[in-house]
Amino acid sequence: TGSLALLSDAAHMLGDVGALALALGAAQVAQLAATRAQSFGFRRAEPLGAFVNALTMLLAGGWIAYEAVHRLAVGAPEVAGLPILIVGSVGLAVNLGSAWVLARADHGNLNVRGALLHMLADALGSVGAIVAALLVMAGVMAADAVVSLLIAALVLWATWGLLRTSAAVLLEFAPPGIDVKVVHDAIGRVPGVRGLHDLHIWSLDGRHTLLSAHVQVALQAERDDVTRAVSAHLEERFGIRHVTLQVEAEGDCAGGGC
């Protein structure tokens, strides 16, 4: 047909085959048991898969935008409207069916979220192809490139959030909703705690939060009580269950040797 809108929709769907395969593979790898060498297991495979998916979507959106601008600059070519309408309608049905299946899966899983984003972007692509077909059949040839440009903008906007979230997990930023200063102050108010440093809060997969810290106490005899109190407080207030604490007597770190 020569339609850029239909071509971009086809490119997205071809990319989704790879994206879904990557999501499935990452989900399987993430379930592998931890080993001595891989002590945390492979849970980071899920955000890594989501990050790769987001990058491919950005590349696809950028290519579509470039081609659309090029066609508008040199003059929109003639395209066949009816075949675009038929294929776009079939594509929309397939994409919505796939998105419905993925929407029933784990919403907190970045990997599934990435695959779902691909499906929804393709559904938008199919809608755009249908709109472009109707306008082309009405004699507006430039509609094919214009609609493709709008689809590219929507894809890039939607993908940015996934790219930012998955990158934050891979870079071990504090999870969304966790204010490190608030956690620091909360631990500092636990009875028996005299000081706190080297506080780290991160996530391996975007769902489970991990924390490690050095906690100072007045007497080493208090360390067990303080450890239990801090761990219970973190779980009750922040939902953080994987906690590693190094308890030190007050003054032990004066020379920085802890």
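With which residue does Arg228 form a salt bridge? The partner is Asp225, and the closest N and O atoms of the two residues are 2.7 Å apart. This distance, like every other value below, is computed from a predicted model. Both residues belong to helix α7, which covers residues 223-238, and the 3 residues of separation amount to about one turn of the helix. Arg228 has a relative accessible area of 53% and is therefore exposed, the limit being over 50%. Asp225, with a relative accessible area of 48%, is partly exposed.

Side chains of opposite charge can pair when their charged atoms come close. A search of the whole structure finds 6 salt bridges. One of them joins the side chains of Lys181 and Asp185, with 3.0 Å from N to O. These two residues lie in helix α6 (residues 180-188); because they are 4 residues apart, about one helical turn separates them. Lys181 counts as exposed at 58% relative accessibility, whereas Asp185 is partly exposed, with a relative accessible area of 29%.

A further salt bridge brings together the side chains of Arg241 and Glu235, at 3.5 Å from N to O. Arg241 counts as exposed, its relative accessibility being 71%. Glu235 has a relative accessible area of 40% and is partly exposed. Elsewhere, salt bridges link Glu67, Arg71 and Asp144 in a network.

Attention may now turn to the strands. Strand β1 (residues 193-203) and strand β2 run antiparallel and are joined by 8 bridges. Val193 has Val217 as its bridge partner in β2. The two strands form a hairpin with 5 residues between them, and in this hairpin Gly206 takes a positive phi near 85°.

Is Thr209 buried or exposed? Thr209 is located in strand β2, which comprises residues 209-217. Its relative accessibility is 17%, and it therefore counts as buried, since that term applies under 20%. Leaving aside residues up to four places away in sequence, Thr209 touches Pro175, Ile201, Trp202, Ile240, Arg241 and His242. Arg241, one of these contacts, is also the residue that meets Glu235 in a salt bridge.

Helix α2 consists of 30 residues, numbered 45-74. Just after α2, Gly75 takes a positive phi of about 110°.

The surface also carries a nonpolar patch, formed by Leu82, Ile86, Val87, Val90, Val94, Leu134 and Met137. Together these residues have about 630 Å² of accessible area. The elements that give two or more residues to the patch are α3 (81-103) and α4 (110-137). Which element gives the most to the nonpolar patch? That element is α3, with 5 residues. Leu134, by contrast, has its place in helix α4. With a relative accessible area of 47%, Leu134 is partly exposed, because its value lies between the limits of 20% and 50%.

Technical notes:
Residues numbered from 1 in each chain as written. Predicted model: local features only at pLDDT ≥ 70, side-chain atom pairs only at ≥ 80, totals over all residues. Heavy atoms only, no water. Expected span 1.5 Å × (residues − 1). Patch = residues over 30% accessible without salt bridge, like charges linked within 9 Å, V, L, I, M, F, W, Y side chains within 5 Å. Areas by Shrake-Rupley, 256 points an atom, 1.4 Å probe, with all protein chains shown as cover. Salt bridge = Lys/Arg side-chain N within 4 Å of Asp/Glu carboxyl O. Buried < 20%, exposed > 50% of the residue type's maximum accessible area, 1.4 Å probe, protein only. Contact = heavy atoms within 4.5 Å. Pairing = 2+ DSSP bridges.
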